[in-house]
Amino acid sequence: MDDITRPQADPIDTLPPGFRWGVATSSYQIEGAVAEDGRTPSIWDTFCRVPGAVSNGETGDVACDHYHRMPQDVALVAELGLDSYRFSVAWPRVQPGGRGPANPAGLAFYDRLVDELLGRGIDPWVTLYHWDLPQELEDAGGWPHRDTAHRFADYAELVFAALGDRVKTWTTLNEPWCSAMLGYAYGQHAPGRRSLGDGIAAAHHLLLGHGLAVRRLRAAAAEPIELGITVNLSTADPASDSAADRDAARAADGLGNRLYLDPLLRARYPQDVVADLAAEGVRIPVRDGDLATIATPIDVLGVNFYFGQLFSGVDERGRDRDDEGRPVRRAVRRDLPRTAMDWEIVPDSFTDLLVRLSRDYPGVPLVITENGAAFDDRPNPDGFVADDDRVAYLAEHLRAVARARQAGADVRGYFAWSLLDNFEWAYGYDKRFGIVRVDYDTQRRTPKRSAYWYRDTVRRVRGQR
Ligand code: FCB
């Protein structure tokens with residue numbers, strides 16, 4: 001039995017001295033200034049104008065006005081005592097139209113941002129693509145079109161030429177599953193297409209673009225750099241031990257996780273997913289050499305985790321086939337606490353996922369490039385939010401990371417999503433993920449209790465108390 005008189009050590013305190021601590025943001029979600037200094041529209045500018053696509057018809061036109069308030073936002077990161085800041089570069093800002101020469105005015109913004117960070121002792125972590133594809137490239141076919149992968153590699157090299165002397169960590173893509181499936185198969189994100197074939201072609205060309213970019217950056221780098229990709233991963237547990245439930249979980253894990261992890265880290269597509277897709281009449285458009293390119297070695301795998309899921313192979317009426325004769329693959333709602341996104345809070349699944357990654361895909365260091373939660377924040381008259389729910393979420397998930405490390409997972413850092421409340425894609429400004437509150441009327445930033453908690457936790461773990 002545990003000795004209840006002895007205080008239990010917090011697993012968070014086992015995170016090692018070199019552990020990387022940061023916050024993450026992305027360009028379209030915070031920058032605003034969508035028509036300044038030569039920036040051209042991205043697919044999100046277009047999508048936001050589709051009636052009904054985004055809650056309340058909101059757009060990223062102004063967002064957090066970060067483009068004009070960047071030094072103040074960097075100062076916030078510094079005040080929190082964090083060593084790293086993950087941000088993304090807006091492709092249509094630095095290479096308007098998605099091809100051709102760089103736009104010096106657009107690049108200058110990221111140049112200033114990098115210098116501002118370095119001047120405050122914060123390590124910049126660049127994500128090259130966080131969903132803002134230049135609209136012209138979508139008009140030319142978008143990610144389902146193979147040429148977009150080559151355009152991405154050109155763009156990556158152009159950003160690297162400008163920032164590679166100071167930025168040492170580079171992520172090619174953020175969450176290719178979201179770009180591909182939410183954007184092209186399910187129609188919930190820009191560009192809003194609804195075709196499984198397009199979604200799968202997009203997934204392949206995103207991965208190909210990643211591999212091409214990794215090769216180009218590695219060749220261009222004068223000194224060692226850290227290169228990687230960020231994937232959004234989840235757990236898919238079967239609702240019971242029945243064959244139907246286990247198969248539903250297998251299929252969900254395949255389409256959500258292994259379709260990305262296997263080509264990236266094993267140079268092959270998972271055969272069971274290839275078969276599932278074939279049953280839907282969909283083929284992955286792989287050409288000779290693509291898998292070797294996609295599996296070009298990386299130095300770090302970025303993991304974004306928000307929730308886990310349970311799957312059943314039978315519907316509410318007990319049928320294992322839908323009206324079209326397809327196998328049922330249904331996410332089962334559990335009686336668990338949830339965030340404002342209606343996502344289940346399952347920190348143990350985070351541990352399971354990280355341990356599984358280290359077992360099934362050994363050899364690549366992991367960094368948590370996003371984790372966090374939206375809650376219905378209630379500011380006091382001064383704009384302060386006592387977000388104990390977010391503090392609990394972050395603490396439980398950091399404990400989950402620490403436990404995964406104790407079980408052998410090679411996790412080297414953690415970025416909270418997000419520094420600021422921001423434009424949460426199809427949810428507009430309704431969902432707030434920030435550890436710093438943004439008052440969108442005044443653009444005032446007010447750190448929430450979670451920001452102070454994060455600052456104090458990092459300090460304590462580093463032994464600077
Ligand atoms: C991730 C995205 C990020 C943010 C969080 C809540 O899927 O990468 O931009 O929207 O979800």
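In these legends Ala, Val, Leu, Ile, Met, Phe, Trp, Tyr, Cys and Pro count as nonpolar, Asp, Glu, Lys and Arg as charged, and the others, Gly among them, as polar. The views are taken from a predicted model.

**View A. Residue shell around the ligand.**

**View B. Polar side-chain atoms at the ligand oxygens.** For Gln29, a polar side-chain atom is placed 2.7 Å from an oxygen atom of the ligand. Glu424 likewise has a polar side-chain atom 2.7 Å from a ligand oxygen atom. For Glu370, the distance between a side-chain N or O atom and an oxygen atom of the ligand is 3.0 Å. On its own the ligand has 290 Å² of accessible area, and the protein covers 95% of this.

**View C. Crossing of helix 10 and helix 13.** Helix 10 spans residues 243–266 and helix 13 spans residues 347–360; their axes come within 12 Å and cross at roughly 35 degrees. The crossing is right-handed. Helix 10 contributes Asp253, Asn257, Arg258, Leu261 and Arg266 to the contact, and helix 13 contributes Arg356, Leu357 and Asp360. Sorted by class, the residues of this contact are two nonpolar, one polar and five charged.

**View D. Cis peptide bond between Ala190 and Pro191.** The bond joining Ala190 and Pro191 is cis, with omega at about 5 degrees. Pro191 belongs to the loop that runs between helix 8 (176–185) and helix 9 (196–220).

**View E. Cis peptide bond from Trp417 to Ser418.** Omega is near 10 degrees for the peptide bond from Trp417 to Ser418, which is cis. Ser418 is in the loop between strand 11 (411–417) and strand 12 (436–439). Most peptide bonds are trans.

**View F. Positive phi at Ala33.** Ala33 is a residue other than glycine with a positive phi, near 50 degrees. Most residues other than glycine have a negative phi. The loop between helix 1 (27–30) and helix 2 (43–47) contains Ala33.

Technical notes. Residues are numbered from 1 along each chain as its sequence is written. This is a predicted model: local features need pLDDT of at least 70, side-chain atom pairs count only at pLDDT 80 or more; totals for chains, interfaces and linings use all residues. Side-chain values use heavy atoms; hydrogens and water are left out. Axes are lines fitted to C-alpha atoms, for helices over the stretch in contact, and angles run from 0 to 180 degrees between N-to-C directions. Helices (H or I, at least four residues) and strands (E, at least two) are DSSP runs, numbered from the N terminus. A crossing is left-handed if the near helix is turned anticlockwise from the far one by less than a right angle, and right-handed if clockwise. Contact means heavy atoms within 4.5 Å. A polar contact is a pair of N or O atoms within 3.5 Å; within protein, one must be able to donate a hydrogen and the other to accept it, and residues adjacent in sequence count only if both atoms are side-chain atoms. Accessible areas come from the Shrake-Rupley method with a 1.4 Å probe; for residues, only the protein chains shown count as cover.
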